[in-house]
Amino acid sequence: MKIEHTCIAITLFLLMGCGDNQKDANSNKKVDNQSISEMVKKAKTNVSITDKLKTLEPINKEIMDSWMPMQLVTLDRETYITDSNPQLGVFITKAIYKNPNTNELVDITFMDGAGDSGSRAFSPYLNIERHYTEHSDSNGFQKIIEKNDMTLVQKYKKYNDSFILEFAARNRYAIKLETKNVSESRLWQIFEQLDFNTLPGLD
């Protein structure tokens, strides 16, 4: 951890450059030191979360059955597989929803971060914003947003009219929601229908 913090500090120092205005340089240094402090604080929090997750048992099929909706807005659930890869030691559920009249499709991958394997698989989602950069062009976009006290990565690809949402819910569940032929307003309707507060979590 100390080595990582040192590398961050060196990188920030190199990016700052040299300036004639000492006041501006000191101001930048203060901001950068604050950023490092925030990153260290979050890293410690994330370690605490993963340590707690290691001690928990993953949710079971009964909990998942009662939580996963049979319908999302006007899309009916057509595929549903709980604990799809038990050999990995991680509880993963897949659900696919379709509306044959509109060709809308929603594909949800749900992973519980409980347990030793689950906590390791989940840990990157605790600082998901560090794994993506925002960009936008004629082919689509990728952005990081805050919604319902969660950090989400939203992607859009124009060529196949598809959205992807990736985020962590309740400091425990990694969610990937993929759509095709679904408008952005419908995407957020679907997102709001998923009530994560009814699931056991750490927050």
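Colleague: In the hairpin of β8 and β9, which residue takes a positive phi?
Modeller: This is a predicted model, in which local features need pLDDT of at least 70 and side-chain atom pairs count only at pLDDT 80 or more, while totals for chains, interfaces and linings use all residues. Residues are numbered from 1 along each chain as its sequence is written, and side-chain values use heavy atoms, with hydrogens and water left out. Strands here are DSSP runs of E with at least two residues, and helices are runs of H or I with at least four, both numbered from the N terminus. The hairpin of β8 and β9 has three residues between its strands, and the one with a positive phi, near 60 degrees, is R170.

Colleague: How many bridges join strand β8 to β9?
Modeller: Two strands are said to pair if DSSP finds at least two bridges between them. Along this pairing A169 stands opposite Y173 in β9, and F163 has T179 of β9 as its bridge partner. Strand β8 covers residues 162-169 and runs antiparallel to β9, and the number of bridges joining them is eight.

Colleague: In which sense do strand β4 and strand β9 pair?
Modeller: Strand β4 spans residues 104-112 and strand β9 spans residues 173-180, with eight bridges between them. The sense in which β4 and β9 pair is antiparallel.

Colleague: Which strands stand at the edges of the open sheet?
Modeller: The sheet has nine strands in the order β1-β2-β3-β4-β9-β8-β7-β6-β5, with antiparallel pairing. Two of them have a single partner strand each, so one side of each is left without a neighbour in the sheet; these edge strands are β1 (71-72) and β5 (135-137).

Colleague: What angle does the direction of helix α4 make with that of β4?
Modeller: Helix α4 (residues 115-122) packs on the sheet and touches β4, β8 and β9, where contact means heavy atoms within 4.5 Å. Axes are lines fitted to C-alpha atoms, for helices over the stretch in contact, and angles between N-to-C directions run from 0 to 180 degrees. On that scale, the angle between α4 and β4 is about 125 degrees.

Colleague: Which residues have the most contacts inside the largest nonpolar core?
Modeller: A nonpolar core is a set of buried Ala, Val, Leu, Ile, Met, Phe, Trp, Tyr and Cys residues joined through side-chain atoms within 4.5 Å, and buried means under 20% relative accessible area, against over 50% for exposed and partly exposed in between, with a 1.4 Å probe and protein chains only. Elements giving two or more residues to this core include β4, β8, β9 and α5 (184-193). Among its 32 residues, those with the most contacts inside it are V106, F167 and F196.

Colleague: Is D76 buried, partly exposed or exposed, and with what relative accessible area?
Modeller: The place of D76 is in strand β2 (residues 75-81). Leaving out residues up to four places away in sequence, D76 touches M70, Q71, I96, Y97 and K98, and its C-alpha atom is separated by 8.3 Å from that of I96, which is 20 residues apart along the chain. D76 is therefore classed as partly exposed, with a relative accessible area of 39%.

Colleague: Which element of the protein chain has the lowest mean pLDDT?
Modeller: The predictor's confidence in each residue, pLDDT, runs from 0 to 100, and the protein chain averages 84, with 77% of the residues scoring at least 70. Over residues 1-31 pLDDT stays under 50, and for this stretch the model has eleven contacts beyond four places in sequence. Among the elements, β9 has the highest mean, 98, whereas the lowest, 36, is that of helix α1 (residues 2-16).
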